[in-house]
Amino acid sequence: MDVERSSLCNCVVNFLLEENYLLTAFELLHELLDDGRDVHAIRLKEFFADISQFPPDQISRFNALRVADTQSLLEEKETVEEKLALSEYELRLAQEDILRLKTELRKRTEFYPDDLSGSNIDVSVEDGPTLQQGKRNTSSSDLGPLKDSERKDVNCAIKEYLLLAGYRLTAMTFYEEVTDQDLDVWQNKTACVPDALRHYYYQYLSSTPEAAEEKISLIQENGSLLKTIENLNSEMESLLKNKEVADGQIMALTKSLDALQKDLKDREILVHDLKQSLELRRKELNDCRAEITSLKMHIEGSRSGRRWVSADFEHLASQTVIRSLQLEIENSKAKDFVAENPVKPINSEKEYTQTEEKVIEIHEDKAVLSQPIDLASGMSDVEDGELQQTQTYEENASQPQEISQETLQLSSNGNRTVENNENIQRNNSEVPPDDSGMIIQLNNQMGEPASEKMGLETIQILSDALPKIVPYVLINHREELLPLIMCAIERHPDCSTRDSLTHTLFNVIKRPDEQQRQIIMNACVSLAKNVGEMRTESELLPQCWEQINHMYEERRLLVAQSCGELAEFVRPEIRDSLILSIVQQLVEDSATVVREAAAHNLALLLPLFPNMDKYLKIEELMFQMVCDPSGAVVETSLKKLVPSVIYWGNKLDHILQVLLSHVVGSAQRCPPVSGVEDSVESHLRVLGERERWNVDVLLRMLTEVLPFVHQKAIETCPFPSVMGHFAPSERGDAFFSTSLLELYAGGYVEWPEFDWVHVDCLPVLIQLSCFLPQKEDYLKNRMTKFLLVISESFGDHYLTHIMLPIFFVAVGDTYNLKSLPQAIRSRIKGLRPKTVVAERLAIMCVLPLLLAGILGAPSRHEQLAEYLRKLLVQGIMNEDKPINSNAEIIDAVRFLCTFEEHHGIVFNILWEMVVSANVNMKISAANLLKVLVPYIDAKLASTHVLPALVTLGSDQNLNVKYASIDAFGAVAQHLKSDMIIDKIRVQMDAFLEDGSHEATIAVIHALVVAVPHTTDRLRDYLLCKIFQLSAVAPTGSDMMQRRERANVFCESIRALDATDLPATSVRDFLLPAIQNLFKDPDSLDPAHKEALEIMMRERSGGTFETFSKVMGAHLGIASSVTSFFGEGGLLGKKENGDQPEPVESPKATPITPTEDTRFRRIMRGSFTDIIRVQGPIDHYIVDLHRGQVQTHGGVNKDPRPHFLESKVIGSNQAST
């Protein structure tokens, strides 16, 4: 019985833990421990003692929650008493259970005499776990997850077991933990038996492992088979459905094929009949022509012998015959046209069904001259011709005796296009008397139906002739055919013919210019007015859709223009569906003019939309076109589309929210300047061309929508008292007065439209500026202009009380925020930098905007001067060091000087610094003057900069003097005025007269920087000074000074050699200066010495081969570039695995000094840097492939590795 109880207990424990009934398991653990069954509680102890499942700190924290006090002790006492009473009650129940179990045991002994015998019990108890270990160890996970029905059965069995085993508290906890089942209700199934868990246990013991495994496998196989059957059934159903669909399609196709075959046979029969009819009609037509000719001859022969009355009567009879013949000829021609094109109606029907029309081929090179037609009177001419014909026929029918030659001539002048009719009417004459019987027949046919028939026939003839006429009309005169085309389109009864003519209308000119497009569009608009909405949608719009991908941008431009102008003449639901789809596709067009026209016409289209369902799509299109790479599209979008979207959608707040997110996102998505965390560069972004363009146009859009924000802020002002003081026309910058801002600062009412400017917009601008490096002056300039527009729109009071506090806080200064409501002060204070990096970033990025955009307003010049004086003068006095240590402040002042109106303020403060007695102040002034030179003109440099530098250059302090020398070099680099150059030369002479080593080095350094950009006079001056200074032998034994002096001279000579020096300067100064440097070989760097030797050889007429040998002998390297990179060269020895292809050495070509070129000198100046490279030669080659070679003079950005290619050098020599 102990083994049985143990097994059942283990089963219960396993089930509780697997089903995560932790409370029941915990209660069972305590009851097992209370009963002294520690062996059965081992697994529960291990589970609840697991640190990973139940951390000690968490348990201790829970334990600490309980505080022992009198009340809790009393409650515990009552609980113990209740538990004691419950235990006594359970004891009685247990005794009753024991008696009942004994009775059941006797029954089972009688029912299972063999299984419960001693030997078998021993086997079951002792050998069972060993023999059936594979079965006993099989977990429920091998059988898959429990089904809901199985779980409910097991839950009921566990509940029953707990009650039978006496674990009442555990059973109560189990009741509470199983919430999805009523444990008191157990459905009557095979699993529902008394003492179910023991029955399951005995059944499990009585079964063999093979039978259990077989049953499990059968269950699993049964389940898989059921799933397979379900899948097969579903697949069979889908196949049956597909078969039915396929059968239906086959039947439909069979019927369609039969119908097509029958139709084809009918049409073949019709074609055959029409051909026969054509032959007959042609024969009749020829007979008629012959008869007409004979009548003409007979009339001419008999005209002279007739009297007047008989002639008049014969004339009328002749006219009657001619009319009848005319009708007969027209019918013959109509039938001829049908017979000549028998299959054309079939093909055109199919083509129009598939919306594929054949484009009229316009032969521009075969155009012929045609008489100009008045556009305004074209349609009236056609109508007048028809009216004249009708009147003529009516007169002939009612009054045949009054027909005269004049009436016939009037009828013949109508706008008829049948050549035979004109010939008949011009040449008609008398007829024989025996033809008078035809008058009665003709009079019966003439009437109003004949007039309508003739009008339709005229339209038919016009429609047939126009496609043939258009290609042979000059391009500049084709627009004169538009009235005829419009008339035919409007009045022709056949839909397919109208579609063909509409296609001709759109394609009348292959590549129409702006004026021609406007003429075509006017014709389309006039046609749309006349034909109505339905025909406009079914005939004109399909032509737009077909030409949307035309190869010529002029055609696509015509489609874009039609979308805006034809939208008025279609139903409202078509405007925001079909027409919007056309515009949306044109927005993606590759041609700039098409996208520009799409933006313009979308702005025209928006007021015609019936509802706001497509607002989000329109807003997305608007931002897409604002960020277009073309400036013309952006300009059109900003000026026309953006205001149209704002007026139409009336969702300015949403547009502003999306706009600010786009502005910040465009910069934020760019990679950082540096990957070092917690550095200033890690906050800055490297903007690509596309991102820079997007930020720029979005800032422009901010400027464009600012008037709408200003107007809406005024309209939504929550203070009626202020609104009453201003008329609508006077509500400008004066509206936001000090009194209004004081009411606003009280924070009693909300004003979100006004809050947007300083709560959302200005912080976003500050955030954006902190992403921009110092070189992004253009975007900062755009932001500055936007800030100035804000201050101009909202007035000086807004600038003083709102904008100034925000930017002062953003740069780290203290400022009173009393003019802002209490609710938003915390957000503004959050802009203050909190770390050292943030403070430096604020000075670098926000300070330029504060100086130029806030204090740079016209009304703030005095405050700007005061703040600059505090920043420059007092800052230097307080720190007691030059401002050069703070490059961010210098850059902010430099950015301020990009606005010319602030030059006077800046130079006034700089002059105060120049005349100051403080040395650091003077050095800072020289440094500022150096960076401000690129932003001033020659006049300002002569009147302000040079006097200040001369004053600083005459200072006794050497640091001040040397700082001014660098500033003089910057002036020489950017300004080329002869007067300024002369002043610089005089001042440099004064510096060189000092004779000190430091002054000489500073002067040469300053002038070398200006060599590539300055004038020839300054180059000659520098070359002369180098010759003079190098001719003086160096004094003293300080080798460091001698080498520094020689290096500066060599760098300047190489920089000068790369320019176009006159031959006299080369002969008189350059070569002697090089010779002077060779007099002190110990002070020369080997690379410089090699470069000078090359320069001497080439300037004095040496050859390239000689130069290679000299260089190789001097440095001990290969005598040619080929051996330098070949198998035995330095690179070949280093890289044994890679064998480069051998390069043939070029043939030596003599070069004269006059054949030297600037490109050659640049090559020579950079070649020697190869020798000076510190490190492996292959590392240098990698730099060459990157396209940049670092030299003493700077960076050579020529991407070609011409310094190492002997073929390039050789070919250059040959070409020279």
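Let's start with Asp-97, which counts as buried because its relative accessibility is 16%. Buried here means under 20% relative accessible area, exposed means over 50%, and partly exposed is in between, using a 1.4 Å probe and protein chains only. The side chains of Arg-100 and Asp-97 meet in a salt bridge, 3.4 Å from N to O. A salt bridge is a side-chain nitrogen of Lys or Arg within 4 Å of a carboxyl oxygen of Asp or Glu. Both residues lie in helix α5 (residues 70-111), three residues apart, about one turn of the helix. Helices are DSSP runs (H or I, at least four residues), strands are E runs of at least two, and they are numbered from the N terminus.

A quick word on what we are looking at. This is a predicted model, where local features need pLDDT of at least 70, side-chain atom pairs count only at pLDDT 80 or more, and totals for chains, interfaces and linings use all residues. Residues are numbered from 1 along each chain as its sequence is written, and side-chain values use heavy atoms, with hydrogens and water left out.

Back to the charges. How many salt bridges does the structure hold? There are 34 salt bridges in the structure. Another one joins Asp-263 to Arg-267, with the closest N and O atoms 2.9 Å apart. These two residues both sit in helix α11, four residues apart, again about one turn of the helix. Why does that spacing work? An α-helix has 3.6 residues a turn, so residues three or four places apart point the same way. Asp-263 is partly exposed at 31% relative accessible area, and Arg-267 is partly exposed at 25%.

Now for a pair that reaches between helices. Asp-978 forms a salt bridge with Arg-1017, the closest N and O atoms being 3.9 Å apart. Asp-978 lies in helix α44 (residues 978-993) and Arg-1017 in helix α46 (residues 1016-1031), so the pair ties together parts that are 39 residues apart in sequence. Asp-978, Asp-982, Arg-985 and Arg-1017 are linked in a network of salt bridges.

Let's step back to the whole chain. The protein chain has 55 helices and two strands. Of its 1216 residues, 44% count as buried.

What about the inside? The largest nonpolar core has 237 residues, and Met-701, Ile-790, Phe-807, Leu-850 and Met-913 touch the most other members. A nonpolar core is a set of buried Ala, Val, Leu, Ile, Met, Phe, Trp, Tyr and Cys residues joined through side-chain atoms within 4.5 Å. Helix α30 (residues 689-715) gives the largest share of this core, twelve residues. Apart from this core lies another, of 29 residues, among them Val-12, Val-13, Leu-162 and Trp-186.

Which residues does Leu-850 touch, not counting those up to four places away in sequence? They are Leu-804, Phe-807, Phe-808, Val-811, Leu-855, Gly-856 and Tyr-867. Contact here means heavy atoms within 4.5 Å.

Leaving aside neighbours within four places in sequence, Ala-925 is in contact with Leu-910, Met-913 and Val-914.

Next, helix α23 (residues 553-566). Its 14 residues reach 20 Å from the first C-alpha to the last, close to the 20 Å expected at 1.5 Å a residue. That expected span is 1.5 Å times one less than the number of residues. Is α23 mostly covered or mostly open? The helix is mostly covered, with twelve of its 14 residues buried. Those buried residues pack against α20 (495-506), α21 (514-531), α22 (533-546), α24 (572-587) and α25 (592-605).

One of the residues in α25 is Arg-595, which is buried, with a relative accessible area of 9%. Arg-595 and Ala-632 are 37 residues apart in sequence and 9.1 Å apart in space, C-alpha to C-alpha.

Last stop, the surface. Leu-225, Leu-226 and Ile-229 form a nonpolar patch there, with about 270 Å² of accessible area together. Patches are made of residues with over 30% relative accessible area and no salt bridge, with like charges joined within 9 Å and nonpolar side chains (Val, Leu, Ile, Met, Phe, Trp, Tyr) within 5 Å. Accessible areas come from the Shrake-Rupley method with a 1.4 Å probe, and for residues only the protein chains shown count as cover. Leu-225 is partly exposed, at 45%.
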